[in-house]
Amino acid sequence: MKKTLLQVLLMLFFCMSALAQTRQLTGKVFGKKNETLIGVTIKIKSTGAGTATDMNGAFKLNVPASGNVTLVVTYIGYKSQEVAVTNQNDIVINMLEDEAKMLNEVTVVNIGYSTVSKNALTGSVSSVTDKDVKDFPVASVAEALAGKLAGVSVQTSEGAPGASIKVTVRGGGSITGDNSPLYIVDGIQVENALSILSPQEIQSIDVLKDIASTAIYGARGANGVVLITTKSGAGQTPKVSISTYLGVRKFVHELDVMKPSDFVQYQYQIATGSQSDLDAYNKEYGAFSDIDIYKNYPYIDWQQAVFGRNALTQSETINISGGTQAASYSFTANNFKEDGIQLNSGFNRGFVAFRYDTKLSDKFKFGFNIRYSRQDVIGAGTSSTGTQSSNRLRNAVRFRPFSAPGLESQVDQFDPTYATYTNLTSPLIGTYSITKNNYTNQVIGSVNAQYTILPRLILSSVIGITSTDNPINQFSDSTTSIARQYGDLPVVDLSASSTLTVTNSNTLNYNFTVGRYHNITLLAGEEINQSDNNSQAMEIKWMPADITPTQAFAAIQKATPPNGSIQDAPTTSQTGTRLFSLFARASYSYKDKYLANVTVRRDGSSLFSPENQYAVFPAGQLAWRVTEEEFMKKLNLTWLDNLKVRLSYGEGGNNRIGVDLYKTLFTAGSKSGYAVSQSVTPGFAPNALANPNIKWETTISRNLGVDFDIFKGRIGGSVDVYKNNVRDLLLQQQIPSTSGYSTQIQNIGATSNQGVELQLNGMAVNTRNFRYNINFNISFNRNKIVSLGDDQYGNPKSSYPVASGGINGNDFIAQVGGPVGQFYGYVSDGRYELSDFNATYHSSSNSYTYVLKPGVANDAAVALGAKYPQPGDMKLKKMSTTGDSTLTTADAVVLGTSQPKFFGGINQQFSYKNFDLSIFMNYSVGNKEYNANRSEFTTQYLYKDNNMLAVVANRWNKIDANGNVVTDPKLLAQMNANTTFWTPPTGQYILTSYEIEDGSFLRISNVTLGYSLPQSFLSRTKIFSKFRVYATVNNLYTFTKYSGYDPEASTRNGNPLTPGVDYAAYPRNRFFIAGVDLSF
Amino acid sequence: MKTSNIKLSVAFACMTILTFTSSCKKYLQYESQSTISQAVAFTSTSYTNTALIGAYSLLNGDAGLTKEATIWSLTADDFKTSGSYSALDRRGVSMYAADPANTELPGAFNNLYVGIERANICIKGIQTSSLYSSGPTGNPEMGRYLGEALALRSLYHFVLVRNWGSVVAQWVPSSDQPALDVPVTAGTAVLDHVLDDLKTAEGLLPWRSDSPFPDTRFSKGAVKALRARIALFRGGYMMDKPTHTMTRSANYLDYYKIADQECADLMARRDEHDLNPVYENIFKTLHSTTRQDPTNELMFEIGAYGGGSYTDDKLGYYNGLRINTSSAYGQGGGGILCIPTYYYEFDPSADCRRDVTINVDQIDANTMMIMNTLTNMTDGKFRKSWTTSTGINQYLSVHWPVIRFADVLLMFAEAENEINQNPTPAAQSALLEIRTRAYVGHTSAIPAIPTDYPTFFQAIVKERLLEFGGEAIRKYDLMRWNLMGSKFAETRAKMEALMNGQAPYNNVPLYVYNKPVPYAVSNSTQEVGSMNNYGGAPNTSLFQPGLGTSTAPTGYTTYNWRKDLSEAAISGTSTGFATFFISNQKEVFPFPSTVLLQNTKIIQNYGY
């Protein structure tokens, strides 16, 4: 296999040597005011070879030495025209302005394995081009894409450098599988391409949204297909573009926490529970009578200390492109360096990319792409899907907000005793306690060739290889909880995974016309896709106490296990997938009026047993260009330029599922080992109770769309309505544990997504000096779980609980009839007021005791750590009708979902003379955000000496001015006339409606103001063809009611069932940038 | 275009298409080299061994058999679990009132079934393997592995039966089962199947001396001893699920005969297994790499190593000698407490087993040996100080003794007495053997060996208490004799007498006074003898009334002795002795609620 590839590559390189006979044509292009036009594209119609005009509006082009040539001349804002060249050597071309075309610059749309003009498009496709992302000085395209495409949700999980970005097309249908779309870059599959590529590399992005469009990608198409075309070289003279910017990131929004005085008051209140706690309090904070001194203590803002730095980012990109009549090239190199706002975090990346396209003859085209990138995400961040204590935001929020004599050492040095009883380490020590480097080194290479067998019969082949290495080094110093499990000695985790993906597709495309009006295009193709993954991991414990991270990574053999202990064995594993597909597409158009498209793809996958290996995915599309009808033309509707109605139906599969689910395998490991003697003999364990009947998850989609252009192209847009049903969803079915297994994966689930999308583009003002362009999109999606399989009695299962992990237990529910990702918990009812109790006076102790009045809900078991409710305790609503007024788990209810009612973006671009301004906003309305930080930061649970959110300062007060505990109801009523918050509960963290907030937002995500030096000035410099300076603010402001750092945070993205959790998310930043783009 | 280019490009296209399509069927068969299909595994003896190790794996770890050893097997009249009652934790188990949601039950319950499944896969795999087509004669190695797999499956089923009564029986891999939610099978039927399997296993396994493996894996002797134990359990009283009463099969003597025969076979091979002349050395052997068991009294141990929650255990850290965190050894022991009257069951001056079995002492922060109070003595067969581990390490690689030769002798004595309704001379001699070792150096003090059936039976009941304390044997002995209710009542009455200083406890002091002495590991009798109690070493000071005041003589610290025992510790609902036990009900545990949820055909055990 490898050998074959090599041979093919060698052969293709060899082919490049041949070139044809040409002569040189020169010319000049003028605009409507008779000015010279720079950067006009001139192409030879028959071959596609071309060039662009230079700063004098002149061009040189090699044309065939003999015969007539037709040139196609295109320029933004002008009608493209064809110019016939006979035997002239020098020509003059005058361009004619065309407003209608201005909005339809993306006239060619990639539909997978071929492109069509926008007019001929029959499916639902959203596109952006380089100009939509170029103003975003960000590391990855994905960041620039949020809100730009109707029906495509782009969500950054948190603010950390290199944070994962979730892209979902039309809601996503799988519950257990991955809902990421398929990414195809220049014809080959590249995982997470949007997160890898930088905006500067992008030529265009087309997102196929309806399954009828993605059906050409069959088994991989159910989650949408993102087709990315990278920039290719153009023009004849080499052009060098340099783009560089420098920016600073700032912490935007802080969580308001208690100040020193409130903190100590609170500590006193929780210490009054027992004498030993009071003694501890007195030792730590002094006598209550002296509590006033804390009013003057300087407040230490730990969040500022950890996240408050001016985090610099710099980026330099250089692009060199050019070509000859027969060949073009483009070379890009980038260096990007970002400091995270959190100390000890950052992101570095460098890449070089080279693209070469050549036309060896009229019949044979050939090109290749190669890209090498290297990135390093630094820092372990703040969130973790592990336990509560592995989430590290806590230290910066909860650490004692002041320093006091005798306590300095807890700030500067690690104090294990303090860590044990507070669950805290000093924020600064905590931030530096883990050193993590997450490297990704990647090579993406592809070769493509096109051969015109007959004038209308074209054979195309693409071979692509993606090789990714992902080593992760992590060092946990002796203050971390893992080190404390292993003798207070540092722990090193080294892991590495590598993936090699090979794609090859070969297609035949035949286009012909029957009679005068029947145009038919046939495509047949074959594709293979294979991926091989290797991974290894080792954890080395008991490193020397004082070793530095770099020393530790360099010499793990320095670890010395204590007597009787051994290191865990290193692990390696290997997985792989194979996909073989055959596909065909027939497109038919009659007079460009009636369009039809039929696709069928047959996929075979190694993920399934030989009996279930193959599946066929059919699709059909119809479109009717109403405005082409004679009767419409007769109506003479001058305002209506174009109207097209589209209808489609298709089936797609989702093969983003685990490997080997269908067969029972043994995996070896020391966890399944046994100590026969003084060592552990590894043993085999069955990986799961395999289900040999596993088959494809299938999505059926229907789409109805309308495209229109009105008012001479001033306004264009499209509306799409769709309904997607997914059946045979793979779910882990609970099975009797007496089988030796707890679950088995089965095709038992079903979901549906339906929605409406609207995309509008408008040219509000278009004068010579001032232009104002506005793009708007809005998407509505309703997602629903239709089936979760049967329960143990054979009845349809209605729901099952899901834990997001880290806090609050089972805080989600997967429920038939509800959307994926419903928050599940108790309904907050404020706090117990005195009126909820009958107070009894005890003269012996001169105190009152309180008993709940009959019928008042008692949440002791679920919320208060089994302590009987007292006035001021957190109160929850009784929701179920069963049982008495005692709350149980049956009283948990659905509290909302993070799925928005609608979301989208508004993009405005202005230009005035040489100034340009763009303002981009994205929004989401009706989504709830689960602020899990609130749970942790308002609940006492087991821990004293922890700070809390500022709201806790206004809690139920039971301590009088002398530090005595008050039980008299009259006094308590007076003391709490103005307090609003409850006593922080001592029970386990639980999810209540208090943590569920409105997550709607309108974000001004990008504002850019640029100035380009005038062309007249530039032409005098004789060096520069473009010189633009700009200033940008990313994430300028977010309008939201959400109280946490950011309403878009979603730190539990690994499981599709637990979106919208803001737990210990790394805060988002505001990013100020100044940059220069220049070309010469 | 040049012809060569055309040729090349056509060749290019053809080649790629051909390369990838011609072998498409094969192309889609991907086998990861990290995993191995089960069918392939059993075509290699080495892989078969690895698969078998996977079935052994469930013996140890946090959810392994030490769960039964240190939690489920308590309380009996020897030991109980420390702490205060909660229906949801280990004390709920020990107080005989575990809730179906008790957290100590489901993990190890499921683990046993994981072990059964893995053993079943091995059994089927070996039986259908091409290597085993001509049976054990053709491939004795595969035969031995089959024997081990059968023994493991039997052990796992036995543990389930003696703790839950009737359980779901699994004799084939789950993938071959048409339905997984099946009702329980009567414990008697499960054990009949197990006894047959073990008979087969015996034939397949070599004696210890012919086996390449240590006694952490099954040998013929271990299987025979295990079969004897299971036969006695089968021949005893078992929970009958439909009537929820403890009943004994009419043909129970047949099972005693099985046990009798197995024990006789073993006793005829003293070259393979025999009593260790030094009682204490059996348990020291479990703690270290230095084996002090030359006679191989330990017939089957659960291996422990690796310091993790899958292959190691917390014996000596969770239970055993209480050692202060700040001592030279680091924290150890304290999870299991001695029933106060158990201390006084032993002959105080002659029986060497007492100071091995019970820690009257504990180790303080300065690594000094000090006294415990009466209700805080711990189980002595597990001691962190016997291991080489120090510091905070919780996993000490201490092996668990499943069965040892002393049990064979006592089972034999019991079976002979039962079958003949009279102690045969062989039975008497077996009991005497046990006592002779226990009374080493004091053989003149050995009590007379009874000569009639009931007295001899009573002697066996007592001897097993003294011999096997803290080895997770007592509760199940009482269960099969149906003596749980009466022995618990008897123990409570004794505790009352002890609390009140009534005979035979009239000389037991209210308080003891102790001075710390340096702790140096030697033998337990010597160690305890070196303790500095006012009025003499424990053997003296704990058997005379002493000063009777809480004020200690100068230099001594007072420890409550009789004073420490209160009504709360006898019949209280928080720290009482087996307070919630109800006969014909609480002998077995409730099925964990999660198990009932997924298997609706299992009905919860009566009384839960």
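A salt bridge here is a side-chain nitrogen of Lys or Arg within 4 Å of a carboxyl oxygen of Asp or Glu. This is a predicted model, in which local features need pLDDT of at least 70 and side-chain atom pairs count only at pLDDT 80 or more, while totals for chains, interfaces and linings use all residues. Residues are numbered from 1 along each chain as its sequence is written, chains are lettered from A in the order in which they are written, and side-chain values use heavy atoms, without hydrogens and water.

**View 1. The salt bridge between Lys663(A) and Glu31(B).** The closest N and O atoms of Lys663(A) and Glu31(B) are 3.8 Å apart. Across the interface of chain A and chain B, the rule finds one salt bridge.

**View 2. The interface of chain A and chain B.** Here 79 residues from chain A meet 74 residues from chain B in contact (heavy atoms within 4.5 Å). Together the two chains bury about 6700 Å², 65% of it on carbon and sulfur atoms; buried area is the accessible area (1.4 Å probe) that two parts lose on being put together, summed over both.

**View 3. Gly221(A) in its loop.** Look for Gly221(A) between helix 6 (211-214) and strand 16 (225-230) of chain A; helices (H or I, at least four residues) and strands (E, at least two) are DSSP runs, numbered from the N terminus. Gly221(A) is buried, with a relative accessible area of 0% (buried means under 20%, exposed over 50%, partly exposed in between, with a 1.4 Å probe and protein chains only). Gly652(A) is 431 residues away from Gly221(A) in sequence, yet their C-alpha atoms are 5.6 Å apart.
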